[in-house]
Amino acid sequence: MRYNTLGQTGLFVSELCLGTMTFGGSEGIWQNMGGLQQAEADELVRTALDAGINFIDTANVYSAGLSEEITGQALRNLGIARDQVVIATKAFGRVGEGPNGSGATRVHLLDQVKASLKRLKLEHIDLYQIHGFDNVTPIEETLEALDILVRHGHVRYVGVSNWAAWHVAKALGIAERRHLAPIRSLQSYYTLAGRDLEREIVPMLTSEKVGLMVWSPLAGGLLSGKYAGNGADAGGGRRASFDFPPVERDRADAVIAAIRPIAEARGATIAQVALAWLLHQPVVTSVIVGAKRAEQLRENIGATGVELTADDLAALDSVSALPPEYPGWMFARQSANRTMPSPRR
């Protein structure tokens, strides 16, 4: 297991992060995720920690808060020292009735961090993330609320999830100008079957040195190897009842076809190669992996040992490449005229 710094911080997080969306689901969309109870969750947390994972991600909306409760109890049941794990959670989604039961407002965030701390049975949260972009609340208000949480010691670092590049860039500028706690990470969807992130977000993250946490790295299980060429599930996976995130199936099928010989040559699974590709991307800080069973998690962890050659990466990049889009193709054309001059001897 390798460790990376979380954006422009000195905090080291494992290259794989244990996702807890499978913890506790019993109704609604969460029953499609896993429905793991305490003993099963304890086993997954222990498996992750034994493999060197020190990063765990949850959210207040996962199973209406039950995921946070189970996560916090697992740390206690296993006797895990607080300084040995980095705990991340999120707020934004609807958790209460009325017009103020969701969002990134000051009132909502200050209330929700207290509720999350209580469920997690912790005194502080290492990474507190805004789970989505609030198109009503001014970014200034959200950043000021997060800054309050950092200054009061409830939160150590702040991040966001599912924001556009311009959202993050604007927030970074506001935080710098007003001397507020800056955004240190972005949690986004990124996979060989969906590389849209590379158009605007990846260049922004690289330029501003913001960390990237990847969710759904196997495209909702599509890159697990359980699906036939027509997208039909051969093993009762989640997409059979919850077809998310949206994927261009023809491209995904071509990606799987390209992964298969690489996986066979290394004695690896299709999922491991798909995860390994992400781990080879310089912009990626940590890849979130969830599981329903310990053996499934161990398989995902095995991706850390899969080394891809330059030829492997080139083959996967070619088959999964995004179609050209303006102004990207113009940037490529015009940048050919701008090369760095050779240094004087």
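**Reading strands and helices**

In this predicted model, Leu-18 has Val-289 in β10 as its bridge partner.

Q: Which strands does that bridge belong to, and how do they run?
A: In general, the strands of a sheet pair through backbone hydrogen bonds, and the pairing can be parallel or antiparallel. Here strand β3 (residues 16–19) is joined to strand β10 (residues 286–289) by 3 bridges, and the two run parallel.

Q: What do the strands close into, and in which order?
A: The 8 strands close into a barrel with parallel pairing, in the order β3-β4-β5-β6-β7-β8-β9-β10. Within this sheet, neighbouring strands are turned against each other by 30° on average, with direction ignored.

Q: Which strands does helix α3 lie across, and which does helix α8?
A: Helix α3 (residues 106–120) lies across β5 (86–91), β6 (125–130) and β7 (155–161), and runs at about 135° to β6. Helix α8 (residues 270–279) lies across β3, β9 (211–215) and β10, running at about 150° to β10.

Q: How should I read the pair α5 and α6: at what angle do their axes cross?
A: Two packed helices are described by the angle between their axes and by the distance between those axes. The axes of helix α5 (residues 165–178) and helix α6 (residues 197–208) cross at roughly 25° and come within 9 Å. Because angles under 35 degrees count as roughly parallel, α5 is roughly parallel to α6.

Q: Which residues meet there?
A: From α5, Ala-165, Val-168 and Leu-172 meet Glu-200, Ile-201, Met-204 and Glu-208 of α6. By class, this contact of α5 with α6 has 5 nonpolar, 2 charged and no polar residues.

Definitions and conventions:
Residues are numbered from 1 along each chain as its sequence is written. This is a predicted model: local features need pLDDT of at least 70, side-chain atom pairs count only at pLDDT 80 or more; totals for chains, interfaces and linings use all residues. Side-chain values use heavy atoms; hydrogens and water are left out. Axes are lines fitted to C-alpha atoms, for helices over the stretch in contact, and angles run from 0 to 180 degrees between N-to-C directions. Helices (H or I, at least four residues) and strands (E, at least two) are DSSP runs, numbered from the N terminus. Angles under 35 degrees count as roughly parallel, over 145 as roughly antiparallel, 65 to 115 as roughly perpendicular and the rest as oblique. Contact means heavy atoms within 4.5 Å. Ala, Val, Leu, Ile, Met, Phe, Trp, Tyr, Cys and Pro count as nonpolar, Asp, Glu, Lys and Arg as charged, and the others, Gly among them, as polar. Two strands pair if DSSP finds at least two bridges between them.
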